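The report below goes through each in turn.

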2 protein chains.
Amino acid sequence: MTTAVFEILAEPSRRRVLDLLREQEHTVGELVDELDMSQPAVSKLLRVLRDAGLVDVRVDAQRRVYSLRAEPLADLDAWLAPYRKFWRGKLTALQRHIANND
Amino acid sequence: MTTAVFEILAEPSRRRVLDLLREQEHTVGELVDELDMSQPAVSKLLRVLRDAGLVDVRVDAQRRVYSLRAEPLADLDAWLAPYRKFWRGKLTALQRHIANND
DNA sequence: TATATATATGCCTTGACAGGCATATGCCGG
DNA sequence: CCGGCATATGCCTGTCAAGGCATATATATA
């Protein structure tokens, strides 16, 4: 559901993880190095992302390699669509106004 | 900041208000009728939206008429942009895969 | 098999926030 | 000026979740 996605993205550290994973997949340890929080905290954060379908995990021996799954973000994009229409409407109205110079 | 916008959108009732305002502006009372929550709660909710720049208020005698401001949502759209590239990349990769039938 | 490495889970505390009720504020008609 | 309508604010409480530490689990290596 879209509520869950928004809740998750509200946390900067989680957005940071998604940003990192957008470039390439990462192990938990690598993410811990980047995130200035404890390893357990990172694992929990990843659990949240995983439950929401925002990341995938791949097992590599004792490591877990996380990667990005964009579907939920595409949902967010869909939610945003009507609003995009709204502000585009505003913009063109403004442009008309300027063009008419009134 | 984008954190604030995500936090706000995480609340369904606040998204509902934005949806309603996308169609047309509304007074507080009208929103109360739609929202199944107390008037004070709605007023606080609107305060939050206003502080975040997501709505504008216009005074009409003893009424306040709220309208949508899309800028913060446009910010969100901007945040989303690189991810859009990501999932489009995935899609075209998949399409190539299917085309090559391998 | 014992130990080290990589990650996950459980328990607990703390802080933030939503919304209820009571009440304050602002504006109207009479 | 007064009572009534429309909205905002203050205070209080319950809920929930983030992250710290300790510990469990799984895999590798010696």
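## Strand pairing in chain A

In chain A, H26(A) has Y66(A) of strand 3 as its bridge partner. This comes from a predicted model. H26(A) belongs to strand 1 of chain A, residues 26–27, and strand 3 of chain A covers residues 63–68. The two strands run antiparallel and are joined by 2 bridges.

Strand 3 of chain A also pairs with strand 2 of chain A, residues 55–60. Here 6 bridges make the link, and the strands again run antiparallel. V55(A) stands opposite L68(A) of strand 3. In a regular strand, side chains alternate between the two faces of the sheet.

## The hairpin turn

What do strand 2 and strand 3 of chain A form? They form a hairpin, with 2 residues between the strands. A61(A) sits in the turn. Its phi is positive, about 60 degrees.

## Helix packing in chain B

Now turn to chain B. Helix 2 of chain B (residues 12–23) packs against helix 3 of chain B (residues 28–35). The angle is about 125 degrees, and the axes are 11 Å apart. Helix 2 of chain B is therefore oblique to helix 3 of chain B. The crossing of these helices is right-handed.

Which residues meet here? Helix 2 of chain B brings S13(B), R16(B), V17(B) and L20(B). Helix 3 of chain B brings L31(B), E34(B) and L35(B). By class, this contact has 4 nonpolar, 1 polar and 2 charged residues.

Key. Residues numbered from 1 in each chain as written. Chains lettered and ligands numbered in written order. Predicted model: local features only at pLDDT ≥ 70, side-chain atom pairs only at ≥ 80, totals over all residues. Pairing = 2+ DSSP bridges. Helix = DSSP H or I, 4+ residues; strand = E, 2+ residues; numbered from the N terminus. Axes fitted to C-alpha atoms, helices over the stretch in contact; angles between N-to-C directions. Parallel < 35°, antiparallel > 145°, perpendicular 65-115°, else oblique. Left-handed = near helix turned anticlockwise from the far one by under 90°. Contact = placed C-beta atoms within 7 Å. Nonpolar A, V, L, I, M, F, W, Y, C, P; charged D, E, K, R; others polar.
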